[in-house]
Amino acid sequence: MAGFQSLPGFRDFYPEEFSRRQHIFRVWRQAASAFGFQEYDAPVLEPLELYKTKSGDEIEAQLFSFTDKGGREVALRPEMTPTVCRMVGAKAGALKRPIKWFSVAEFYRYERAQKGRLRAFNQFNADIFGEAGPEAEIELIALLIQCLSSFGLTKDDFYIRLSDRDLWFFYLEALGFTDAQSRGILVAIDRFEKMGEDAFKGYVEMHGEVAAEMKDKVLAFLQIKSLADLEAVLAPFKSDKLATRLSDWRKVLSGLSAMKLSEFVAVDFGVVRGLAYYTGFVFEAFDRKGDLRALAGGGRYNDLVKKLGGPDLPAVGFAIGDVTTGLLLEQRGLTPHFVTAPDIYAVIGGEAERNAAFADIQALRASGWRVEYPFKELAFGKQFKAAAESGAKLALIYGGDELAKGVVKIRDMTDRSEREVARDQVLASVRDFLSGH
Ligand code: HAM
């Protein structure tokens with residue numbers, strides 16, 4: 001019979017993979033806690049309606065959705081943002097602001113199989129609600145950098161591309177594009193990196209040709225690499241909206257510079273983000289070599305809480321994925337070794353000695369030491385071999401002769417030296433020995 005396998009795009013986490021995943025989660029949680037974010041969780045299954053039109057066509061097409069036994073249209077969550085908006089929206093009045101929340105959770109998208117993209121993956125989400133100013137962006141971009149650099153990754157390994165959907169819209173408006181046309185242009189910009197000039201085909205079909213001079217002006221925006229470039233491109237336009245955005249850009253970039261994080265951040269208007277709800281700053285993190293798909297993505301979404309029935313509440317946030325992060329850590333040799341070694345291996349003479357050993361094993365484990373012992377009676381030689389293979393730092397030997405004298409032997413597994421200790425001193429001796437190692 002052919003064995004069962006996990007579904008395409010879903011992973012089994014054998015202990016070694018599980019420990020790697022735990023390492024990633026632990027680093028994320030530590031970073032979030034250093035920044036004063038609070039952890040929350042939410043259901044994996046949500047009403048389908050939550051994602052309809054709000055997340056965008058791409059995510060909607062990838063939903064794992066079905067009708068439940070009560071006739072409800074439901075979907076496995078493809079992302080956290082609508083859920084966290086619903087939660088915050090429902091209690092917004094009672095929550096102290098700014099609301100800084102994070103979560104580590106699994107998400108489901110029916111994607112085509114490709115490197116770095118699965119159908120079940122984990123994300124670390126961090127979001128700030130109730131802060132309309134760019135201070136929230138500074139906090140989140142700094143957190144995103146810490147979430148990656150805490151693994152040992154440096155500015156040579158990853159960077160963040162910072163862009164702005166509002167600025168795009170205001171710029172296109174200043175160039176004379178209507179709102180519908182601007183949306184079409186942004187779709188083309190989203191595809192431009194992959195497809196080049198062909199990215200504009202869809203726009204041309206819907207709205208007609210773009211005059212060469214206009215297209216040059218649109219593409220000039222993609223050449224912007226610094227605040228100075230941005231100021232130069234916008235200089236000819238007299239618009240309050242553009243001026244306000246520029247002032248926010250100055251704040252974000254100078255805040256990050258004061259935190260000595262500028263080297264991690266690139267001004268890059270090629271990022272526009274596919275999700276439908278973003279309103280202002282948007283950003284994505286990538287590996288420097290460009291081998292991998294995005295490590296993280298996020299931005300401001302000031303309208304979503306209200307659209308989902310909550311109050312008018314500004315919001316900004318991002319999510320990092322565990323799949324691309326894991327691949328990058330592997331490429332850079334930054335995955336920790338999988339350690340299962342116990343601290344102590346108990347070598348037990350025979351059935352008669354087992355109960356004495358059990359009493360100590362239980363007391364040692366209750367004090368937090370990792371203790372292993374053989375389930376079945378084995379010759380001493382085999383047990384010492386097992387003790388050595390386990391990687392334990394010390395062995396406790398429960399032999400008949402020792403127990404008769406009221407002692408056990410402690411063997412240092414590194415140099416095989418042994419000494420006797422009184423039964424009632426086992427815990428203290430183990431503590432002395434292991435704290436020195
Ligand atoms: P997103 O760009 O769709 O944004 O996903 C964020 C990250 O999740 C990606 O950069 C990637 O690392 C990971 N990811 C997404 N889809 C997959 C997949 N199929 N397989 C593996 N990893 C994947 C969002 O989800 C927004 N809700 C983020 C956000 C939070 N915006 C505001 N707050």
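A: A search of the whole structure, which is a predicted model, finds 28 salt bridges. One of them joins Glu197 to Lys215, with 2.9 Å between the closest N and O atoms. This pair links distant parts of the chain: Glu197 lies in the loop between α6 (179-195) and α7 (201-207), while Lys215 belongs to helix α8 (residues 212-222), 18 residues apart. Glu197 has a relative accessibility of 44% and therefore counts as partly exposed. Lys215, at 19%, counts as buried, because the cut-off for buried is under 20% relative accessible area.

Another part to examine is the stretch around Glu402 and Lys409. The side chains of these two residues, Glu402 and Lys409, form a salt bridge at 3.1 Å, N to O. Glu402 is buried, its relative accessible area being 11%, whereas Lys409 is partly exposed at 23%. Both residues also belong to a network of salt bridges that includes Arg411 and Glu418.

Lys405 pairs with Glu420 in a further salt bridge, where the closest N and O atoms are 3.0 Å apart. Here too the pair links distant parts of the chain, since Lys405 sits in the loop between α15 (400-404) and β15 (407-412) and Glu420 in strand β16 (residues 418-422), 15 residues apart. Lys405 is exposed, with a relative accessible area of 54%; the cut-off for exposed is over 50%.

Note on methods
Residues numbered from 1 in each chain as written. Predicted model: local features only at pLDDT ≥ 70, side-chain atom pairs only at ≥ 80, totals over all residues. Heavy atoms only, no water. Salt bridge = Lys/Arg side-chain N within 4 Å of Asp/Glu carboxyl O. Helix = DSSP H or I, 4+ residues; strand = E, 2+ residues; numbered from the N terminus. Buried < 20%, exposed > 50% of the residue type's maximum accessible area, 1.4 Å probe, protein only.
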